[in-house]
Amino acid sequence: MRHTTRTDQLAQARRTFFEWGGAPVGQVPATILQSWSRCRNAGLEAARAPGIEPVDARRLGEMRERHETLWRLARAEIDLLSSDADATGSMVILTDADGWILDAGGDLGFLDRAGRVALMPGACWHESRVGTNAIGTAIHERRHVEVQGGEHYLPPHRILSCSAAPIFDPHGQLVGVLDISGDSSVPQRHALGLVRLAIANIEHRYFDDGIADCDLIRVHRDPALLGSSREGLLGFRNGKLVVANRIGLDLFGLDHDELGRASYDALFDAPLSRLRSDGAFHDRHGRAFYGRVDSAERQRRAPTRTPITVSPATRHARDDAPIFDAACDAELQRAVRVLDAGIPVLVQGETGCGKEVFARELHRRCTRAGKPFVAVNCAALPEGLIEAELFGYEAGAFTGARKAGNPGLLRQADGGVLFLDEIGDMPLALQPRLLRVLQDRELSPLGGGKPVKLDFALVCATHRALDVAIDDGRFRSDLYYRLAHHVVHLPPLRAHEDRAGLVDALWLRLGDGRRLGDDARAALADYDWPGNLRQLVACLRTVAALSEADATVGIDGLPAYLRRVPALSPAAPVTPAAPPGDLQALNRQAMLAAVEACHGNVVQAARRLGISRSTLYRKLGRGLRGGR
């Protein structure tokens, strides 16, 4: 009833504004009404179809290269939020400061629906182009914004419910926006909280390499939060506040406009030397703070970032690394011997089960541990750019190429380990060239140039059944046999023998002293986790962020999909997954049983069976059309 009342109220507000030219004050949030007015004053017609034309792959690649720092620092959060978004039928979006979408991930079904209104990489969602929307309006307001259903300026966008917040660099410059969008008919109660938590992590990473010639204070009123992404960061140069993260500003009631103007003496009642010696101090209002100081000299010695790609597993290995049981450790030991012998290793497993973390641990244990680890996600690079990024190019090799050329990721891995993630998604046209490089260990960049000898160990990973891809003509058999000398199969999380113990071990790392109630622990341990380890870690981090310090988290503190769906008992009969692509072994009864076991969730059932959702729909027909 409340939703119907809200829908009717919003419809009345739209009539008042768009048909009668009035101002429905109190009927819509003030931020929405102000945005509607800006759009109308700018001559944007609400009745027209949105003219959003995504750019091509080359221009999208140029945008990502231009905003490489933002894209790199945000990748971990996008991956984590995508797992949660997949489970809730929504999507996560990263844009630049002008509203151009750089990346998106989440539920495939909703991604397809969003694509119909051009909510996709390469499209621009600035308010001046598409009217009121969470991304564009957050850019204008420079703060978090929620836009639900009919609050969007253009009617086709009323299918969306969006929560967005801006991302600022240490100097207070708006560099991008993070957004979670879902179906407007489904409540997204925690979306904005998740966005703000993720942005706190991203903004904290901007300080990882230090700030030159600054005394950087890491501060909080709770000493337990020091060293985490929830600590405040304030950088002073010659007594002036020149850099800060949002948490640091909020602790002292400041905003980004104060950077370059606020002084150390106006904030604190004691010199830096006391903080260095005591680790505690008071502000001018007498409030106690705890912290430490990274001196300007230490900041000058901070290491510069290498151009080697850094993936989420590096930055969160302490949090989301799997607990290596005896079987997994034995697999690692065998893989190390194979890799040290110069033989490629292929890691297979479902999405989110820890393939990249396994590869990084393999690098750490092998003889090339002191050399680079270069991770390349073959599915994330645009098809038009993957050849240039992998193999490099000479200056002027193509329109838009860097003047100095690009050595390519293969050459950056020289002496170390090259990790090709999602190798099953590599375009078919590029597979012969990769095969030639693996055979000859020699590379000729695009645009000519002298061939370069290469020396790297190769680890590949995929969630796809490559034998099926070979049969379908999507993957070359000669490349497969070059890569698959030693194959490691990582089991899904639902097959873990001691899920309760795994939950306990991860919560010990992520809970920050909070406790799990017996009901919450049971629900977490018994859930099927279709997103595997990545989804479990994202869930635990979210639960910790949304609960109070020293709290005992009960079932009510878990995400809705854990409260709403009965947990799968480990003792319950589980439909065994057939070998990927083995549809002969999957009769209609087995498929229906899998859907029933997953409580009608078709996505989870398809994953369990090792087939695509579209295949499951096709095999079972109309009876599934109401499934999730």
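Which residues does threonine 132 touch, not counting residues up to four places away in sequence? The list runs Ile32, Ser35, Trp36, Cys39, Glu127, Thr137, Val147, Glu151, His152 and Tyr153, with contact taken as heavy atoms within 4.5 Å. This is a predicted model, in which local features need pLDDT of at least 70, side-chain atom pairs count only at pLDDT 80 or more, and totals for chains, interfaces and linings use all residues. Residues are numbered from 1 along each chain as its sequence is written, and side-chain values use heavy atoms, with hydrogens and water left out.

Threonine 132 sits in the loop between helix 6 (127-130) and helix 7; helices (H or I, at least four residues) and strands (E, at least two) are DSSP runs, numbered from the N terminus. Its relative accessibility is 0%, so threonine 132 counts as buried (under 20% relative accessible area, 1.4 Å probe, protein chains only). Its side chain also makes a polar contact of 2.6 Å with that of serine 35. Such a contact is a pair of N or O atoms within 3.5 Å; within protein, one must be able to donate a hydrogen and the other to accept it, and residues adjacent in sequence count only if both atoms are side-chain atoms.

Five strands form an open, antiparallel sheet in the order 2-1-5-4-3, where pairing takes at least two DSSP bridges between two strands. Strand 2 (101-106) and strand 3 (145-148) are at the edges with a single partner strand each, so one side of each has no neighbour in the sheet. Strand 1 (residues 90-96) and strand 5 (residues 174-183) run antiparallel, joined by 7 bridges; threonine 95 has valine 177 in strand 5 as its bridge partner.

Terms used: Buried means under 20% relative accessible area, exposed over 50%, partly exposed in between (1.4 Å probe, protein chains only).
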